[in-house]
Structure formats: structure tokens, C-alpha cells
Amino acid sequence: MDAINNNIALIVHTCDRYEFLYKGFDIFFSKYWDFNIPCKYYFATEEKDAIVNGFQNIHSGKGQWTDRLAFLLREKIKEKYVLYFQEDMWLTKKVNAQFFSELFEPTKNNNWKQVKLHSSEVYKTNPTDLFIQGFNVAKVDNATSDFLMSHQVTLWDREFFLQQLPKDEHPWRNERKGTKRLKKLNPDIFHIDYFAENGKPPINKNHNPIGRSEYLTVSENGMLNWAATHFIKELSSGNEAEKAYAQALQNHLDKGLTHDGKPKPRKEDIFKKIKNKLRGR
């Protein structure tokens with residue numbers, strides 16, 4: 001089945017300040033992803049142009065996080081389902097195309113609204129009778145799970161995703177308030193242990209599943225974190241361009257630079273901040 005007829009988009013949602021991470025995402029996605037998986041591939045920046053292997057670059061314009069993503073889902077992406085990634089999720093293991101082929105069909109046939117594909121202890125699940133390549137398609141226990149709205153790798157019904165994106169929410173508020181909204185709405189949310197996010201173990205009752213894929217999130221508070229060292233090591237044995245990028249990553253890590261190359265912001269004294277505000281500064 002080709003991408004056009006499959007009606008599924010894979011979107012990588014990013015911001016222009018994180019341009020430094022685009023190259024790393026591109027290298028490791030190209031290395032471990034199987035582009036035979038029938039999706040339409042979108043790399044979504046704000047205003048900057050980005051060349052990423054296999055992806056169409058689309059633009060959201062500037063604005064708050066939910067406003068930018070809602071614009072993309074409403075105006076730029078027309079596929080019914082969206083497989084959501086962010087630019088700091090760098091793959092470390094091969095994905096299995098057959099798994100995704102078998103995932104897409106029941107998703108469409110059963111009109112599933114949200115299928116979480118990353119493992120985390122914040123989710124509490126109940127098993128179902130359905131398995132995909134040995135992975136149980138578990139149902140999330142909405143009442144006891146800590147987060148229902150998350151921005152990790154998830155397969156969404158696009159219209160349902162749009163409903164979770166009210167105006168003017170930054171990503172952290174969207175996860176917090178979105179979880180409360182989803183708990184009240186109480187939809188069926190499914191979970192599959194396919195991606196080991198940052199090495200997290202599976203949480204469901206699986207039956208000898210095929211190998212899991214994995215990704216590490218390399219960004220925290222606008223800076224590289226511990227996970228970057230894994231990729232720096234791998235890039236250091238690559239071609240000249242990859243070695244140069246490894247050196248740039250190491251420099252950012254060593255100097256504590258933000259992704260746009262600036263020093264880590266100082267935490268301003270709270271009392272000084274209040275005084276300056278009262279003085280009209």
C-alpha cells in the first residue's frame with residue numbers, strides 16, 4: 001500500500017531554535033527507519049527551511065506550541081492519522097516495517113483515536129486479546145495513569161489530536177491540562193511497547209514480541225543531556241561531516257550551550273526580579 005492511499009502522516013514537530021538538532025535526527029532516522037513504511041513524511045519547522053532525507057519540509061509560522069501544531073494539523077496535513085515525533089528523539093535501533101503495516105490496519109478499522117508506542121511507568125494498562133508481532137495492544141487505565149496527554153511517539157487520529165490542542169498552551173501546560181481533559185473525557189487509549197524510550201522496559205503482557213526499536217531523547221531544557229554521548233561516540237567513527245558534527249555536539253555539551261549556541265541562562269534571584277518588576281524594569 002502506498003503512502004497516499006494509506007492516509008497516514010509521520011510528522012516531526014520542531015522549532016527553529018532547535019535547528020542544531022535537525023542534522024542528528026536526520027542521520028539516525030535515516031539509519032534506523034524503514035522508508036518502506038507507507039507514510040507521508042513531514043518535517044515541520046516554524047520559518048526556517050530544512051532539508052531532511054525523505055521528508056517534506058512544512059512551516060507552521062511563529063507562535064505558541066499548541067497554536068503552531070494545530071495550524072499544521074488543520075492546514076498543512078490532510079491525512080487521517082498522524083504518527084508524531086519530535087526532533088530530539090534520535091533512533092538507536094532498526095524499526096520493523098511489518099509491525100507498522102499490522103498496526104495501521106486495526107487502527108483504521110477500529111477507528112482508534114490514540115495509540116501510545118513508547119513505554120513508561122506513568123501508564124497503567126490492562127491487556128486485551130489483540131497482539132501485533134507479539135506485542136499486546138493494551139488499553140490504558142485512564143483513572144490510574146499519571147499522564148494521558150504526552151508528546152512522545154504516538155499514533156493519533158488527526159482530528160482527535162487537534163481537539164487536544166487549545167489555544168496558547170506551551171508543551172508542559174498542554175501535557176498537564178491535557179491529561180485532566182482526557183481523564184474527564186475518558187476515551188479509549190491504547191498502548192504498545194514498541195519503542196524503548198530512553199531504555200524504559202516494557203509494561204504490558206507481551207508474547208515473545210519481535211525486537212523493540214528504541215530512541216533516546218537528547219534534549220532537556222533547551223540543552224543537550226546525557227543521551228548525546230551515545231550519538232557523539234557513534235558519529236565520531238563516521239565520515240568527515242559526521243565527525244565534525246560530533247565535535248560540535250561535544251562542544252555544546254562541554255560548554256553547557258543551548259541549542260542556538262548561547263550560554264545557559266542564569267537563574268535570576270526571585271526577589272530581585274520582583275523588585276525590578278515593581279520598579280517598572
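The legends below describe close-up views of a predicted model. Local features are given only where pLDDT is at least 70, side-chain atom pairs count only at pLDDT 80 or more, and totals for chains, interfaces and linings use all residues. Residues are numbered from 1 along each chain as its sequence is written, and side-chain values use heavy atoms, with hydrogens and water left out.

**View 1. Helix α6 and the elements around it.**
Helices (H or I, at least four residues) and strands (E, at least two) are DSSP runs, numbered from the N terminus. Helix α6 covers residues 171-185, which is 15 residues. The expected span of a helix is 1.5 Å times one less than its number of residues. Pro171, Asn174, Glu175, Gly178, Thr179 and Leu182 of α6 are buried (under 20% relative accessible area, with exposed meaning over 50% and partly exposed in between, for a 1.4 Å probe and protein chains only). These buried residues pack against α3 (65-76), β6 (114-118) and α5 (158-163); contact means heavy atoms within 4.5 Å. Asparagine 186 follows α6 and has a positive phi, near 55°.

**View 2. Helix α3 and its cover.**
The 12 residues of α3 should span 16 Å, and its end C-alpha atoms are 16 Å apart, which agrees. Buried residues in α3 are Trp65, Thr66, Arg68, Leu69, Ala70, Leu72 and Leu73. Their cover includes the strands β1 (8-13), β2 (40-45), β3 (56-59) and β4 (81-86), together with α5 and α6.

**View 3. Helices α7 and α8.**
Helix α7 (residues 228-235) packs with helix α8 (residues 240-255) at an angle of about 150°, and their axes are 8 Å apart. Axes are lines fitted to C-alpha atoms, for helices over the stretch in contact, and angles run from 0 to 180 degrees between N-to-C directions. Angles under 35 degrees count as roughly parallel, over 145 as roughly antiparallel, 65 to 115 as roughly perpendicular and the rest as oblique. α7 and α8 are therefore roughly antiparallel to each other. From α7, Thr229, Ile232 and Leu235 meet residues of α8, among them Tyr245, Ala246, Leu249 and Leu253.

**View 4. Helices α2 and α7.**
Helix α2 (residues 22-32) and α7 pack at about 75°, with axes 12 Å apart, and are therefore roughly perpendicular to each other. On the α2 side the meeting residues are Ile27, Phe28, Lys31 and Tyr32; on the α7 side they are Phe231, Glu234 and Leu235.

Serine 120 sits in the loop between β6 and β7 (125-126) and counts as buried at 9% relative accessibility. Its C-alpha atom is 9.6 Å from that of asparagine 198, 78 residues apart along the chain. With neighbours within four places in sequence left aside, serine 120 is in contact with Lys200 and Ile203. Threonine 217 belongs to strand β13 (residues 213-217) and is buried, at 16% relative accessible area. Leaving aside neighbours within four places in sequence, threonine 217 touches Asp88, Met89, Glu197, Asn198, Asn225 and Ala227.

**View 5. Two cysteines.**
Cysteine 15 is buried, with a relative accessible area of 13%. Cysteine 39 is also buried, with a value of 5%. A disulfide is a covalent bond between the sulfur atoms of two cysteines. Here a disulfide is counted as a pair of cysteine sulfur atoms within 2.5 Å, and the count comes to zero.
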